[in-house]
Amino acid sequence: MDAEAVGKAARLIHQAKRIVVFTGAGISTESGIPDFRSPGGIWSQYDQDDLTYQKFLSHEKYRRLYWQYDRARYPAMKNARPNAAHHAVVELEQSGRLSALITQNIDGLHQDAGSSPSIVHELHGTVREVGCLECKARWPREEITDTMDREGIEVPYCAVCGGPLKCATIAFGQALPADVLEAGFRHARNCDVFLTVGSSLVVQPAALLPYEAKRAGARLVLVNLSGTPYDEIMDIIVRGKAAATMAAIMDTFRSL
Ligand code: NAD
């Protein structure tokens, strides 16, 4: 780990008044949830093109495939516990500096770690609920999947209106919730430090958030294992695993 970069990141965070933390799948890999793009990640097992929103709407066979994929990835999320990086974000909130926590993750681990639900903006939804695409009714996930198991249902439909049910996450090709996206961009424009943790920064429009923050004058910090298309606009990059790196940044932060 680059100790100099850790020290610089800690000092920047210490001086900041309004920090936005932006997280991706990489913050949760050490909790046992595979990311999409690392070797062995989810896209090495499924074809992304078969799991688009348009395909889901188009045919029962794609809805069946979607639910197989969804149910295959869920146990890792259900059993996961927050790691030191999630806890570091909670500590930042407790220091009074965190104005928003914007996450691409659907696993709910930030809330499990103790981040206040009011500051967490889930850009890509949550795996913990299932929603009807027509009447918008929502259920806790386990309620639907328990019924699927009990009754041998492969593709669930809404008990209220008969519309297709889908996990309350955003599929490829599905629009992001406008209010959450708008809040994300607003916070990005109004922060003094924008800290990205564990994201390849390739999924749009979420990946534009650091760029938006930079344009508005924020300093950018990136904690990630691999390179991203936005590395050149970062002020500080700490190349390393999220848990150990965020713990090291907070150790230095506490000593300032
Ligand atoms: P991604 O898979 O595209 O990128 C993850 C990044 O994290 C990679 O650059 C990788 O090098 C880095 N990384 C992996 N392990 C790391 C670690 N221990 N420490 C630091 N960095 C690490 O993920 P993304 O950018 O979030 O975007 C893809 C989409 O993945 C999002 O839309 C998100 O909804 C979805 N997703 C979420 C989860 C989850 O909720 N945990 C899991 C898989 C995918």
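Between domain 1 and domain 2 there is a count of 1 salt bridge. The model before you is predicted. The salt bridge pairs D112 with R128, and their closest N and O atoms lie 2.7 Å apart.

On the side of domain 1 that touches domain 2, the residues divide by class into 6 nonpolar, 6 polar and 3 charged. Polar contacts also cross this interface: 4 residue pairs are found there, with both residues at pLDDT 80 or more.

According to the domain assignment, domain 1 takes in 1–32, 82–124 and 176–256, while domain 2 takes in 34–79 and 125–169. For their contact, domain 1 supplies 15 residues and domain 2 supplies 12 residues. The centres of domain 1 and domain 2, taken over C-alpha atoms, are 28 Å apart. About 1000 Å² of area is buried between domain 1 and domain 2, and carbon and sulfur atoms give 51% of that area.

How many disulfides does a search of the whole structure find? The search returns 0 disulfides. Consider C161, for which the nearest cysteine sulfur belongs to C132, 3.5 Å away. A disulfide requires the two sulfur atoms to be within 2.5 Å, and C161 is accordingly in no disulfide.

Is C161 buried, partly exposed or exposed? With a relative accessible area of 37%, C161 is partly exposed. C191, by contrast, is buried, because its relative accessible area is 6% and buried means under 20%.

Methods:
Residues numbered from 1 in each chain as written. Predicted model: local features only at pLDDT ≥ 70, side-chain atom pairs only at ≥ 80, totals over all residues. Heavy atoms only, no water. Buried < 20%, exposed > 50% of the residue type's maximum accessible area, 1.4 Å probe, protein only. Domains from an automatic or database assignment. Contact = heavy atoms within 4.5 Å. Buried area = accessible area lost by both parts, 1.4 Å probe. Salt bridge = Lys/Arg side-chain N within 4 Å of Asp/Glu carboxyl O. Polar contact = N/O pair within 3.5 Å; in protein donor to acceptor, adjacent residues only side chain to side chain. Nonpolar A, V, L, I, M, F, W, Y, C, P; charged D, E, K, R; others polar.
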